[in-house]
Amino acid sequence: MRILHTSDWHLGKSIEEYSRINEQGEFLQELEQIADDKEVDLIIVAGDVYDVSNPPAEAERLFYKSMSRLTKDGKRPVLIVAGNHDNPDRLTAASPIALDKGLILVGTPKTVIETGKFGGFEIVNSGSGFLEIKIKDETAVVLTMAYPSEKRLNEVFESENTSTSSESEFRKSYNERIKEMFLELEQNFRPDTINLVAGHFHIKGGEVSESERDIVIGGLYAVESESLPSRAQYIAMGHLHRMQKINDAERVIYYSGSPMAYKKGEHSQAKAVNLVEVLAGLPAVVEKIYLKNYRPVEVWRTQSIEAAIELCRERSDDDCLVYIEIISDRTIKFSEHKEMTRLKSGILYVDVQHRESNLEKLAVEEDKTIEQEFFEFYMLKENCPPSQELVQLFLQLVNEEADE
């Protein structure tokens, strides 16, 4: 069986104020091409289809339009487990009709998938957190772990609230609950089936990128890799945006990573999807398929404002999003900032770092008015001029303080 593993699409997400919906559409077209070229039997999307629980309409349109092509109108199954950014109810709202279209939607750890024949596959058996799927002449058992928040785990275990527990007790409790669930679910694995896991959570030791929002929380929600089934031939994970293999001698655990950069710190990361070839009883063979870098994110560093402007002129035609970092002896002027954005589209942020403290410099420039000093200080911090209303408010506060 050939499986394509991807995750963390975050449809509808912007980087700074720039929407990435166009690049996301290009990625999904590339994903479809890869799936067709490699004759993929099953696609696993390991969570965070959307960026927010109430995604914009254009993100949902892109999702459903792309799913029709990815599933080949129901002939190829696409298994999706909800991530922490997804609204489980909203994601699975289309479940009654989705199966006929090839979509298997798992919203929570308790989700039970309907059995039956659907297009080019059959759900032979299912239960809370697992499904047995037959595709052509091969059968796979997939254990599914949609994002296991504390609330959802409490719903599974129907236990008392752990909010009064200590950090160490809670960390142990969270990990032990995940381990206990997998120990039970693993009983569905058989020697004659392809045995897989699809999940969305943080495994201890996984390398975190800048754009994962508060996923670690001091390590409280990190799961030990040893808590995952050792009998799984491949464990397809989502949640961490850097593609990586978890270091575990007994388990084959991969994070496919996000398909593109969503923060400055991710600009140098290569992006890929995993092609997994696996037969019952044999080790999985994993191949990384690197993705095209649609409108890449770059960081430009210069030693002066003038050099930054010249760089914007030289690379004005480059189709990229860019952070500009400048080392300068002075504050950037509004006219210079405006010239840079005129020359180069896609500037995300201009950061001017001073060789000497700007506040000390302003203090010794006695020929400047307080209004000029405020203007330059605001430009330093916000990289845009303050509104006239804000300037007037600042001057009013200064005058009130002087009158006291």
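Buried denotes a relative accessible area under 20%, exposed one over 50%, and partly exposed the range in between, computed with a 1.4 Å probe on protein chains only. The structure on display is a predicted model, in which local features need pLDDT of at least 70 and side-chain atom pairs count only at pLDDT 80 or more, while totals for chains, interfaces and linings use all residues. Residues are numbered from 1 along each chain as its sequence is written, and side-chain values use heavy atoms, with hydrogens and water left out.

**The whole chain**

Begin with the entire protein, coloured by secondary structure. It contains 11 helices and 21 strands; these are DSSP runs numbered from the N terminus, helices being H or I with at least four residues and strands E with at least two. Of the 404 residues, 52% are buried. Among contacts with a separation of 6 or more, 67% are between residues 24 or more positions apart, a contact being heavy atoms within 4.5 Å.

**Strand β4 and its partners**

Select β4, residues 42–45. Leu42 and Ile44 point one way from the strand, Ile43 and Val45 point the other way, and all are buried. Threonine 6 has valine 45 of β4 as its bridge partner. From β4 the chain passes through α2 to β5, in a right-handed β-α-β crossover. Right-handed means that, with the strands pointing away from the viewer, the path from the first strand over the helix to the second runs clockwise.

**Helix α2**

Select residues 57–70, the 14 residues of α2, which reach 20 Å from the first C-alpha to the last, close to the 20 Å expected at 1.5 Å a residue. The expected span is 1.5 Å times one less than the number of residues. Display the side chains: Ala59, Glu60, Leu62, Phe63, Ser66, Met67 and Leu70 are buried. Because these residues cover an arc of only 160° around the axis, they lie on the same side of α2; the arc is that of the directions from the helix axis to the C-beta atoms. Arg61 and Lys65, on the other side, are exposed. After the helix comes lysine 72, with a positive phi near 55°.

**The sheet β19-β20-β21**

Move to the open sheet of 3 strands, ordered β19-β20-β21 with parallel pairing. Its edge strands, each pairing on one side only, are β19 (297–302) and β21 (347–354). Neighbouring strands are turned by 15° against each other on average, direction ignored. Between β19 and β20 (residues 321–328) there are 6 bridges, and valine 297 has leucine 321 as its bridge partner in β20.

Which residues of helix α7 (residues 305–314) are buried? They are Ile305, Ala308, Ile309 and Cys312. Seen down the axis, they fall within an arc of 100°, so they line one face of α7. Their cover includes β19, β20, α8 and β21. Finally, select α8, residues 334–343, which lies across β20 and β21 and runs at about 145° to β21. Such angles run from 0 to 180 degrees between N-to-C directions, with axes being lines fitted to C-alpha atoms, for helices over the stretch in contact.

Methods. Pairing = 2+ DSSP bridges.
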